[in-house]
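Dear colleague,

I am handing over the structure we spoke about, with its sequence, and my notes come after it. Please read them with the model open beside you.

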Amino acid sequence: MTVAIKGIRWWMITLLMLGAIINYLTRSTLSVAAPTILKGLAITTKQYSWIVGAFQGAIMLQPFCGYVLDTIGLKLGFGLFALAWSLISMSHGLAHNWTALFWLRGLLGLAEGSANPAGMKATSEWFPSHERGLAGGVFNIGASVGSMLAPPLVAWAILTYNWQSAFVLTGSLGLIWLVFWVAFYQSPNKQRALSDAEREYIRAGQERHLEGDGTRPSVPRIIRQRNFWGIALPRFLADPTWGTLTFWLPLYLTTVRHFDLKQIALFAWLPFLAADLGCLTGGTISIALQKRFGVRLINARRGAFTVGACLMIGVAFVGFVNSPYVAIALLSLAGFAHQTLSVTVITMSSDLFRRNEVATVAGMAGTCGNAGVLLFSLLMGTLVTTVGYTPFFIGLAALDLVGAVILWTVVRDPAMTSSAAPL
(Lines give C-alpha, C1' and ligand atoms only; values in the text may rest on other atoms or scores of the structure.)
Protein backbone atom coordinates (compact mmCIF):
# COMPACT_ATOMS: atom_id res chain seq x y z
CA MET A 1 0.00 0.00 0.00
CA THR A 2 1.36 3.41 -1.00
CA VAL A 3 1.51 6.04 1.75
CA ALA A 4 0.09 9.45 0.81
CA ILE A 5 2.64 12.27 0.79
CA LYS A 6 1.41 15.60 2.13
CA GLY A 7 1.77 18.45 -0.34
CA ILE A 8 3.00 16.14 -3.09
CA ARG A 9 2.05 18.73 -5.72
CA TRP A 10 5.04 20.80 -4.53
CA TRP A 11 7.33 17.78 -4.78
CA MET A 12 6.19 17.25 -8.36
CA ILE A 13 6.79 20.84 -9.41
CA THR A 14 10.19 20.71 -7.68
CA LEU A 15 11.08 17.69 -9.80
CA LEU A 16 10.09 19.68 -12.91
CA MET A 17 12.15 22.61 -11.62
CA LEU A 18 15.23 20.39 -11.32
CA GLY A 19 14.71 19.34 -14.93
CA ALA A 20 14.48 22.99 -15.95
CA ILE A 21 17.79 23.66 -14.15
CA ILE A 22 19.50 21.04 -16.31
CA ASN A 23 17.70 22.33 -19.41
CA TYR A 24 18.93 25.89 -18.95
CA LEU A 25 22.37 24.80 -17.76
CA THR A 26 22.96 22.89 -20.99
CA ARG A 27 21.65 25.73 -23.19
CA SER A 28 23.79 28.28 -21.30
CA THR A 29 27.01 26.28 -21.61
CA LEU A 30 27.80 27.70 -25.05
CA SER A 31 27.50 31.35 -24.02
CA VAL A 32 29.98 30.96 -21.15
CA ALA A 33 32.36 28.99 -23.34
CA ALA A 34 31.85 31.35 -26.29
CA PRO A 35 34.96 33.55 -25.78
CA THR A 36 37.13 30.42 -25.66
CA ILE A 37 35.37 28.65 -28.54
CA LEU A 38 35.30 31.70 -30.82
CA LYS A 39 39.03 32.13 -30.37
CA GLY A 40 39.88 28.43 -30.65
CA LEU A 41 37.75 27.72 -33.72
CA ALA A 42 38.21 31.16 -35.36
CA ILE A 43 34.49 31.94 -35.27
CA THR A 44 33.39 35.53 -35.94
CA THR A 45 30.76 37.46 -34.00
CA LYS A 46 28.40 37.27 -36.97
CA GLN A 47 28.86 33.50 -37.24
CA TYR A 48 28.21 33.23 -33.51
CA SER A 49 24.93 35.11 -34.00
CA TRP A 50 23.93 32.49 -36.57
CA ILE A 51 24.83 29.70 -34.14
CA VAL A 52 22.64 31.36 -31.52
CA GLY A 53 19.99 31.89 -34.19
CA ALA A 54 19.93 28.17 -35.01
CA PHE A 55 18.99 27.41 -31.43
CA GLN A 56 16.34 30.13 -31.35
CA GLY A 57 14.93 29.10 -34.71
CA ALA A 58 14.57 25.47 -33.64
CA ILE A 59 13.17 26.26 -30.20
CA MET A 60 10.38 28.11 -32.01
CA LEU A 61 9.00 24.62 -32.70
CA GLN A 62 7.71 24.58 -29.11
CA PRO A 63 4.13 24.04 -30.41
CA PHE A 64 5.33 20.66 -31.69
CA CYS A 65 6.76 19.87 -28.25
CA GLY A 66 3.56 21.03 -26.54
CA TYR A 67 1.40 18.98 -28.91
CA VAL A 68 3.51 15.88 -28.19
CA LEU A 69 3.16 16.43 -24.43
CA ASP A 70 -0.61 16.97 -24.70
CA THR A 71 -0.94 13.86 -26.89
CA ILE A 72 1.31 11.18 -25.35
CA GLY A 73 1.46 12.52 -21.82
CA LEU A 74 3.90 14.55 -19.78
CA LYS A 75 5.93 11.73 -18.25
CA LEU A 76 6.82 9.92 -21.48
CA GLY A 77 7.04 13.03 -23.65
CA PHE A 78 9.26 15.11 -21.39
CA GLY A 79 11.43 12.09 -20.63
CA LEU A 80 12.13 11.54 -24.33
CA PHE A 81 12.94 15.21 -24.88
CA ALA A 82 15.29 15.21 -21.86
CA LEU A 83 17.14 12.17 -23.19
CA ALA A 84 17.56 13.92 -26.55
CA TRP A 85 18.86 17.23 -25.21
CA SER A 86 21.33 15.49 -22.88
CA LEU A 87 22.91 13.47 -25.70
CA ILE A 88 22.93 16.42 -28.11
CA SER A 89 24.60 18.65 -25.52
CA MET A 90 27.36 16.11 -24.99
CA SER A 91 27.84 15.93 -28.77
CA HIS A 92 28.84 19.62 -28.85
CA GLY A 93 32.29 18.52 -27.73
CA LEU A 94 32.80 16.88 -31.13
CA ALA A 95 32.31 20.12 -33.10
CA HIS A 96 35.35 21.46 -34.98
CA ASN A 97 33.84 24.43 -36.84
CA TRP A 98 30.97 26.87 -36.66
CA THR A 99 28.73 24.94 -39.06
CA ALA A 100 28.82 21.87 -36.81
CA LEU A 101 27.85 24.02 -33.84
CA PHE A 102 25.09 25.57 -35.95
CA TRP A 103 23.42 22.21 -36.59
CA LEU A 104 23.94 20.92 -33.06
CA ARG A 105 22.40 24.09 -31.60
CA GLY A 106 19.41 23.61 -33.88
CA LEU A 107 18.86 20.07 -32.64
CA LEU A 108 19.33 21.19 -29.04
CA GLY A 109 16.79 23.97 -29.47
CA LEU A 110 14.18 21.53 -30.77
CA ALA A 111 14.59 19.20 -27.79
CA GLU A 112 14.86 21.90 -25.14
CA GLY A 113 11.76 23.68 -26.39
CA SER A 114 9.79 21.14 -24.36
CA ALA A 115 10.65 22.69 -20.99
CA ASN A 116 8.13 25.54 -20.72
CA PRO A 117 5.19 23.58 -22.17
CA ALA A 118 5.99 20.77 -19.73
CA GLY A 119 6.12 23.14 -16.77
CA MET A 120 2.84 24.84 -17.66
CA LYS A 121 1.08 21.54 -18.28
CA ALA A 122 2.18 20.24 -14.88
CA THR A 123 1.16 23.51 -13.23
CA SER A 124 -2.31 23.38 -14.76
CA GLU A 125 -2.82 19.76 -13.70
CA TRP A 126 -1.37 19.89 -10.20
CA PHE A 127 -2.41 23.28 -8.79
CA PRO A 128 -5.53 25.30 -8.03
CA SER A 129 -5.75 28.62 -9.85
CA HIS A 130 -4.64 30.82 -6.93
CA GLU A 131 -1.41 28.80 -6.53
CA ARG A 132 -0.45 28.54 -10.19
CA GLY A 133 1.45 31.83 -10.28
CA LEU A 134 3.66 30.76 -7.37
CA ALA A 135 4.00 27.22 -8.73
CA GLY A 136 4.97 28.63 -12.12
CA GLY A 137 7.54 30.78 -10.34
CA VAL A 138 9.01 27.74 -8.59
CA PHE A 139 9.29 25.94 -11.92
CA ASN A 140 10.87 28.94 -13.61
CA ILE A 141 13.49 29.19 -10.88
CA GLY A 142 15.02 26.36 -12.87
CA ALA A 143 15.74 28.72 -15.76
CA SER A 144 17.51 31.17 -13.47
CA VAL A 145 19.41 28.60 -11.42
CA GLY A 146 20.55 26.72 -14.52
CA SER A 147 21.78 29.94 -16.10
CA MET A 148 23.33 30.99 -12.79
CA LEU A 149 25.27 27.73 -12.38
CA ALA A 150 26.65 27.86 -15.92
CA PRO A 151 29.35 30.57 -15.48
CA PRO A 152 31.22 29.03 -12.52
CA LEU A 153 30.68 25.41 -13.57
CA VAL A 154 31.59 25.85 -17.23
CA ALA A 155 34.53 28.14 -16.42
CA TRP A 156 35.84 25.53 -13.98
CA ALA A 157 35.57 22.77 -16.60
CA ILE A 158 37.37 24.90 -19.20
CA LEU A 159 40.14 26.00 -16.84
CA THR A 160 40.60 22.48 -15.48
CA TYR A 161 40.20 20.49 -18.70
CA ASN A 162 38.92 22.09 -21.93
CA TRP A 163 35.74 23.56 -23.41
CA GLN A 164 34.63 20.18 -24.78
CA SER A 165 34.46 18.73 -21.27
CA ALA A 166 32.01 21.45 -20.23
CA PHE A 167 29.40 20.12 -22.67
CA VAL A 168 29.99 16.52 -21.61
CA LEU A 169 29.58 17.48 -17.96
CA THR A 170 26.34 19.44 -18.34
CA GLY A 171 24.84 16.88 -20.72
CA SER A 172 25.56 13.99 -18.36
CA LEU A 173 23.67 15.76 -15.56
CA GLY A 174 20.56 15.54 -17.72
CA LEU A 175 20.87 11.76 -17.90
CA ILE A 176 21.11 11.56 -14.11
CA TRP A 177 17.96 13.69 -13.71
CA LEU A 178 16.13 11.50 -16.22
CA VAL A 179 16.48 8.49 -13.91
CA PHE A 180 14.66 10.36 -11.13
CA TRP A 181 12.00 11.61 -13.53
CA VAL A 182 11.16 8.12 -14.75
CA ALA A 183 11.16 6.73 -11.21
CA PHE A 184 9.04 9.34 -9.44
CA TYR A 185 6.82 11.44 -11.72
CA GLN A 186 3.19 10.58 -12.32
CA SER A 187 0.21 12.70 -13.35
CA PRO A 188 -2.39 13.45 -10.62
CA ASN A 189 -4.82 10.81 -11.88
CA LYS A 190 -2.11 8.12 -11.64
CA GLN A 191 -0.17 9.33 -8.59
CA ARG A 192 -0.97 6.88 -5.79
CA ALA A 193 0.84 9.03 -3.21
CA LEU A 194 -1.72 11.84 -3.74
CA SER A 195 -4.17 11.93 -0.85
CA ASP A 196 -7.92 12.25 -1.39
CA ALA A 197 -7.92 15.54 0.52
CA GLU A 198 -5.20 17.09 -1.66
CA ARG A 199 -6.84 15.76 -4.81
CA GLU A 200 -10.10 17.48 -3.84
CA TYR A 201 -8.24 20.67 -2.89
CA ILE A 202 -6.66 20.81 -6.37
CA ARG A 203 -9.93 19.99 -8.13
CA ALA A 204 -11.97 22.52 -6.16
CA GLY A 205 -9.53 25.33 -6.96
CA GLN A 206 -9.52 24.82 -10.73
CA GLU A 207 -11.80 26.73 -13.08
CA ARG A 208 -14.72 24.70 -14.40
CA HIS A 209 -14.75 26.59 -17.70
CA LEU A 210 -11.16 25.47 -18.37
CA GLU A 211 -11.70 21.75 -17.87
CA GLY A 212 -10.48 19.70 -20.82
CA ASP A 213 -12.98 17.84 -22.99
CA GLY A 214 -10.65 14.97 -23.87
CA THR A 215 -10.07 16.13 -27.45
CA ARG A 216 -6.72 16.93 -29.02
CA PRO A 217 -5.81 20.63 -29.04
CA SER A 218 -6.74 22.54 -32.19
CA VAL A 219 -4.02 24.94 -33.34
CA PRO A 220 -6.32 26.85 -35.75
CA ARG A 221 -8.84 27.36 -32.95
CA ILE A 222 -6.13 28.66 -30.61
CA ILE A 223 -4.71 31.07 -33.20
CA ARG A 224 -8.15 32.62 -33.75
CA GLN A 225 -8.44 33.62 -30.09
CA ARG A 226 -7.40 37.13 -29.06
CA ASN A 227 -6.25 35.84 -25.67
CA PHE A 228 -3.55 33.81 -27.38
CA TRP A 229 -2.15 36.92 -29.07
CA GLY A 230 -2.63 38.85 -25.83
CA ILE A 231 0.01 36.67 -24.15
CA ALA A 232 2.08 35.73 -27.23
CA LEU A 233 2.90 39.30 -28.30
CA PRO A 234 4.15 40.37 -24.83
CA ARG A 235 6.40 37.30 -24.87
CA PHE A 236 7.70 38.29 -28.32
CA LEU A 237 8.64 41.67 -26.88
CA ALA A 238 9.92 40.52 -23.47
CA ASP A 239 11.95 37.38 -24.19
CA PRO A 240 14.85 39.20 -25.94
CA THR A 241 15.95 40.28 -22.44
CA TRP A 242 16.48 36.67 -21.41
CA GLY A 243 18.18 35.87 -24.70
CA THR A 244 20.55 38.80 -24.20
CA LEU A 245 21.46 37.73 -20.66
CA THR A 246 21.86 34.09 -21.65
CA PHE A 247 23.70 34.32 -24.96
CA TRP A 248 25.41 37.73 -25.03
CA LEU A 249 26.30 38.64 -21.44
CA PRO A 250 29.70 36.84 -21.34
CA LEU A 251 30.70 38.39 -24.68
CA TYR A 252 29.58 41.84 -23.50
CA LEU A 253 31.59 41.50 -20.30
CA THR A 254 34.62 40.33 -22.29
CA THR A 255 34.60 42.86 -25.12
CA VAL A 256 33.18 45.97 -23.42
CA ARG A 257 33.99 45.56 -19.73
CA HIS A 258 37.23 43.62 -20.40
CA PHE A 259 36.47 40.73 -18.02
CA ASP A 260 38.56 37.56 -18.24
CA LEU A 261 37.16 34.04 -17.80
CA LYS A 262 37.72 34.06 -14.02
CA GLN A 263 35.88 37.38 -13.66
CA ILE A 264 33.03 36.04 -15.76
CA ALA A 265 32.84 33.06 -13.41
CA LEU A 266 32.68 35.46 -10.44
CA PHE A 267 30.10 37.94 -11.77
CA ALA A 268 28.13 36.62 -14.77
CA TRP A 269 25.85 34.51 -12.57
CA LEU A 270 24.56 37.46 -10.51
CA PRO A 271 21.78 38.52 -12.95
CA PHE A 272 20.45 34.98 -12.78
CA LEU A 273 20.53 34.95 -8.99
CA ALA A 274 18.40 38.09 -9.10
CA ALA A 275 16.17 36.33 -11.64
CA ASP A 276 15.55 33.57 -9.08
CA LEU A 277 13.98 36.15 -6.80
CA GLY A 278 11.97 37.52 -9.70
CA CYS A 279 10.49 34.07 -10.35
CA LEU A 280 8.86 34.12 -6.92
CA THR A 281 8.04 37.82 -6.96
CA GLY A 282 5.66 37.66 -9.91
CA GLY A 283 3.49 35.01 -8.27
CA THR A 284 3.69 36.74 -4.88
CA ILE A 285 2.49 40.07 -6.32
CA SER A 286 -0.38 38.30 -8.04
CA ILE A 287 -1.44 36.52 -4.84
CA ALA A 288 -1.17 39.74 -2.81
CA LEU A 289 -3.32 41.68 -5.25
CA GLN A 290 -6.00 39.00 -5.10
CA LYS A 291 -6.04 38.48 -1.34
CA ARG A 292 -5.46 42.02 -0.05
CA PHE A 293 -7.20 44.10 -2.68
CA GLY A 294 -9.76 41.72 -4.17
CA VAL A 295 -8.32 42.01 -7.67
CA ARG A 296 -9.48 39.34 -10.11
CA LEU A 297 -6.94 36.71 -11.19
CA ILE A 298 -6.29 38.02 -14.72
CA ASN A 299 -5.93 41.64 -13.58
CA ALA A 300 -3.59 40.50 -10.80
CA ARG A 301 -1.42 38.82 -13.42
CA ARG A 302 -1.43 42.00 -15.51
CA GLY A 303 -0.49 44.04 -12.48
CA ALA A 304 2.51 41.82 -11.72
CA PHE A 305 3.67 42.05 -15.34
CA THR A 306 3.42 45.84 -15.23
CA VAL A 307 5.57 46.03 -12.10
CA GLY A 308 8.27 44.01 -13.85
CA ALA A 309 8.02 46.13 -17.01
CA CYS A 310 8.53 49.33 -15.01
CA LEU A 311 11.56 47.88 -13.24
CA MET A 312 13.03 46.96 -16.63
CA ILE A 313 13.65 50.66 -17.26
CA GLY A 314 16.88 50.23 -15.29
CA VAL A 315 18.51 48.16 -18.07
CA ALA A 316 18.36 51.19 -20.37
CA PHE A 317 21.18 52.80 -18.35
CA VAL A 318 23.68 49.89 -18.55
CA GLY A 319 25.58 51.46 -21.43
CA PHE A 320 25.86 54.86 -19.74
CA VAL A 321 27.60 53.84 -16.50
CA ASN A 322 31.39 53.72 -16.24
CA SER A 323 31.68 51.19 -13.44
CA PRO A 324 31.43 47.56 -14.60
CA TYR A 325 30.03 46.66 -11.19
CA VAL A 326 27.19 49.17 -11.52
CA ALA A 327 26.55 47.68 -14.95
CA ILE A 328 26.36 44.21 -13.37
CA ALA A 329 23.91 45.60 -10.77
CA LEU A 330 21.66 47.04 -13.49
CA LEU A 331 21.81 43.78 -15.45
CA SER A 332 20.87 41.98 -12.24
CA LEU A 333 17.87 44.30 -11.91
CA ALA A 334 16.99 43.35 -15.48
CA GLY A 335 17.14 39.66 -14.58
CA PHE A 336 14.88 40.23 -11.57
CA ALA A 337 12.41 42.38 -13.51
CA HIS A 338 12.29 40.09 -16.51
CA GLN A 339 11.51 36.96 -14.52
CA THR A 340 8.88 38.85 -12.52
CA LEU A 341 6.96 39.62 -15.70
CA SER A 342 7.96 36.53 -17.70
CA VAL A 343 6.72 34.01 -15.15
CA THR A 344 3.47 35.95 -14.96
CA VAL A 345 2.68 35.93 -18.68
CA ILE A 346 3.82 32.32 -19.11
CA THR A 347 1.47 31.22 -16.32
CA MET A 348 -1.46 32.92 -18.03
CA SER A 349 -1.65 30.09 -20.57
CA SER A 350 -3.08 27.96 -17.75
CA ASP A 351 -5.44 30.79 -16.69
CA LEU A 352 -6.95 31.38 -20.13
CA PHE A 353 -7.06 28.00 -21.88
CA ARG A 354 -8.46 24.53 -21.29
CA ARG A 355 -6.36 21.83 -19.62
CA ASN A 356 -5.93 19.84 -22.84
CA GLU A 357 -4.63 22.96 -24.60
CA VAL A 358 -2.20 24.39 -22.04
CA ALA A 359 1.03 22.76 -23.25
CA THR A 360 0.21 23.55 -26.88
CA VAL A 361 -0.63 27.18 -26.07
CA ALA A 362 2.50 27.55 -23.94
CA GLY A 363 4.55 26.13 -26.80
CA MET A 364 2.96 28.46 -29.37
CA ALA A 365 3.48 31.49 -27.14
CA GLY A 366 7.02 30.29 -26.58
CA THR A 367 7.51 30.27 -30.34
CA CYS A 368 6.60 33.94 -30.44
CA GLY A 369 8.96 34.65 -27.55
CA ASN A 370 11.84 32.85 -29.19
CA ALA A 371 11.10 34.57 -32.50
CA GLY A 372 11.73 37.81 -30.64
CA VAL A 373 14.99 36.44 -29.25
CA LEU A 374 16.04 35.25 -32.71
CA LEU A 375 15.43 38.59 -34.41
CA PHE A 376 17.04 40.52 -31.58
CA SER A 377 20.11 38.24 -31.56
CA LEU A 378 20.57 38.51 -35.32
CA LEU A 379 20.34 42.30 -35.08
CA MET A 380 22.94 42.29 -32.31
CA GLY A 381 25.25 40.04 -34.27
CA THR A 382 25.00 42.33 -37.29
CA LEU A 383 25.11 45.75 -35.63
CA VAL A 384 26.79 45.46 -32.22
CA THR A 385 30.30 45.87 -33.61
CA THR A 386 29.32 49.20 -35.19
CA VAL A 387 26.70 50.73 -32.84
CA GLY A 388 27.63 48.99 -29.58
CA TYR A 389 25.36 47.44 -26.97
CA THR A 390 23.75 50.61 -25.59
CA PRO A 391 20.92 50.94 -28.17
CA PHE A 392 19.98 47.34 -27.54
CA PHE A 393 19.77 47.83 -23.76
CA ILE A 394 17.49 50.83 -24.32
CA GLY A 395 15.37 48.75 -26.67
CA LEU A 396 14.90 46.00 -24.09
CA ALA A 397 13.39 48.48 -21.63
CA ALA A 398 11.03 49.95 -24.21
CA LEU A 399 9.81 46.59 -25.51
CA ASP A 400 8.58 45.43 -22.10
CA LEU A 401 6.56 48.60 -21.56
CA VAL A 402 4.85 48.02 -24.91
CA GLY A 403 4.20 44.43 -23.84
CA ALA A 404 2.42 45.64 -20.71
CA VAL A 405 0.13 47.85 -22.79
CA ILE A 406 -0.77 44.89 -25.03
CA LEU A 407 -1.49 42.65 -22.05
CA TRP A 408 -3.94 45.20 -20.63
CA THR A 409 -5.70 45.98 -23.90
CA VAL A 410 -5.89 42.64 -25.71
CA VAL A 411 -6.47 39.93 -23.08
CA ARG A 412 -10.06 39.27 -21.98
CA ASP A 413 -10.93 37.50 -18.73
CA PRO A 414 -12.87 34.32 -19.67
CA ALA A 415 -14.49 34.25 -16.25
CA MET A 416 -16.11 37.66 -16.71
CA THR A 417 -19.81 37.36 -17.45
CA SER A 418 -20.42 41.01 -18.27
CA SER A 419 -18.61 44.31 -18.71
CA ALA A 420 -20.08 45.35 -15.40
CA ALA A 421 -18.36 42.57 -13.47
CA PRO A 422 -16.14 43.76 -10.59
CA LEU A 423 -12.40 44.27 -10.98
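This is a predicted model: local features need pLDDT of at least 70, side-chain atom pairs count only at pLDDT 80 or more; totals for chains, interfaces and linings use all residues.

Residues are numbered from 1 along each chain as its sequence is written, and side-chain values use heavy atoms, with hydrogens and water left out.

A search of the whole structure finds four cavities of 30 Å³ or more (a cavity being a set of points, on a 1 Å grid over the protein atoms alone, where a 1.4 Å probe fits but cannot get out; lining residues have an atom within 4 Å of a point). The largest cavity has a volume of about 240 Å³, a volume being the space filled by probe spheres set on the grid points, which are joined across faces, edges and corners. It is lined by 24 residues, of which Tyr 24, Arg 27, Asn 116, Asp 239 and Trp 242 are the closest to its centre. Helix α11 (226-255) is among the elements that give two or more residues to this lining, and α11 provides the largest share, six residues (helices are DSSP runs of H or I, at least four residues, numbered from the N terminus).

Because 23 of its 29 residues are buried, α15 is largely enclosed by the rest of the structure (buried means under 20% relative accessible area, with a 1.4 Å probe and protein chains only).

With best wishes

Key: Buried means under 20% relative accessible area, exposed over 50%, partly exposed in between (1.4 Å probe, protein chains only). On a 1 Å grid over the protein atoms alone, a cavity is a set of points where a 1.4 Å probe fits but cannot get out, and a pocket is an open set with protein on both sides within 12 Å along at least five of seven lines; lining residues have an atom within 4 Å of a point.
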